[in-house]
Amino acid sequence: MKKTIVVYGSSTGTCEAIANTIAEKLGVEAINVSDFNADVVAENDNLILGTSTWGAGELQDDWYDGINVLKEADLSDKTVAIFGCGDAESYSDTFCGGMKEIYDAAQGANILPGVSTDGYTFDDSEAIVDGKFVGLALDDVNEDDQTEGRIDAWLEAIKPAL
């Protein structure tokens, strides 16, 4: 696997815990998006980017500067994978929508395919493109019993590209 880093934005600790789980499973470092900058982009071939979703499908607050880092970077030789945390019961119409903002900002990179919406219970999400999530969608609030299995399946699917 090429040099990889996990970058997360987390307000309550859920996305941070998931980022740390992903990093541990891959044997790489996880950092808070507040520490994400052009040097981090330059030093890594693979960027695994995660956010929680707030309000009406909005990106986690710390990510707004991170979005600017992505938009200003040359991502042409980078591989990007995205994961997001959401609450499919309380925010069923905006489930994991924050992932879409990262997806849009990372255009130009090789963005790895997301997961199927099969097996998820929600009404709508901005993070669906061509019938699939733009990354790994997780509801660790209501479906925490599925989190580990979903992470493992997603990592197995993306590892060959990393």
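Strand 1 and strand 3 pair in the parallel sense, over 6 bridges. This is a predicted model, so please take what follows as computed from it.

How many residues of strand 1 are buried? The count is 6 of the 6, across residues 4–9, so the strand is largely enclosed by the rest of the structure. In a regular strand, side chains alternate between the two faces of the sheet. Here both faces are covered. Thr4, Val6 and Tyr8 are buried on one side, and Ile5, Val7 and Gly9 are buried on the other.

Next, the loop between strand 1 and helix 1, where Ser10 is found. Ser10 has a relative accessible area of 12%, and since buried means under 20%, Ser10 counts as buried. Its side chain reaches two backbone nitrogens: that of Gly13 at 3.0 Å, and that of Glu16 at 3.2 Å. Leaving aside residues up to four places away in sequence, Ser10 touches Cys15, Glu16, Ser52, Gln60 and Asp62. Ser10 and Asn32 are 22 residues apart in sequence, with a C-alpha to C-alpha distance of 7.9 Å.

Ser52, one of those contacts of Ser10, lies in strand 3, residues 46–54. Is Ser52 buried or exposed? Its relative accessible area is 8%, so Ser52 is buried. The side chains of Ser52 and Trp54 are joined by a polar contact of 2.9 Å. With residues up to four places away in sequence again left out, Ser52 touches Gly9, Ser10, Ser11, Cys15, Glu58, Leu59, Gln60 and Cys85.

The largest pocket holds about 270 Å³ of space. It is lined by 20 residues, and the closest to its centre are Thr53, Trp54, Gly86, Asp87 and Val141. Which elements give two or more residues to that lining? They are helix 1, residues 14–26, and strand 3. Strand 3 gives the most, with 3 residues. By class, the lining has 8 nonpolar, 9 polar and 3 charged residues.

To recap, strand 3 pairs with strand 1, holds Ser52, and gives the most residues to the lining of the largest pocket.

Technical notes: Residues numbered from 1 in each chain as written. Predicted model: local features only at pLDDT ≥ 70, side-chain atom pairs only at ≥ 80, totals over all residues. Heavy atoms only, no water. Helix = DSSP H or I, 4+ residues; strand = E, 2+ residues; numbered from the N terminus. Buried < 20%, exposed > 50% of the residue type's maximum accessible area, 1.4 Å probe, protein only. Polar contact = N/O pair within 3.5 Å; in protein donor to acceptor, adjacent residues only side chain to side chain. Contact = heavy atoms within 4.5 Å. 1 Å grid on protein atoms, 1.4 Å probe; cavity = no way out; pocket = protein on both sides within 12 Å on 5 of 7 lines; lining within 4 Å. Points joined across faces, edges and corners; volume = space filled by probe spheres on them. Nonpolar A, V, L, I, M, F, W, Y, C, P; charged D, E, K, R; others polar. Pairing = 2+ DSSP bridges.
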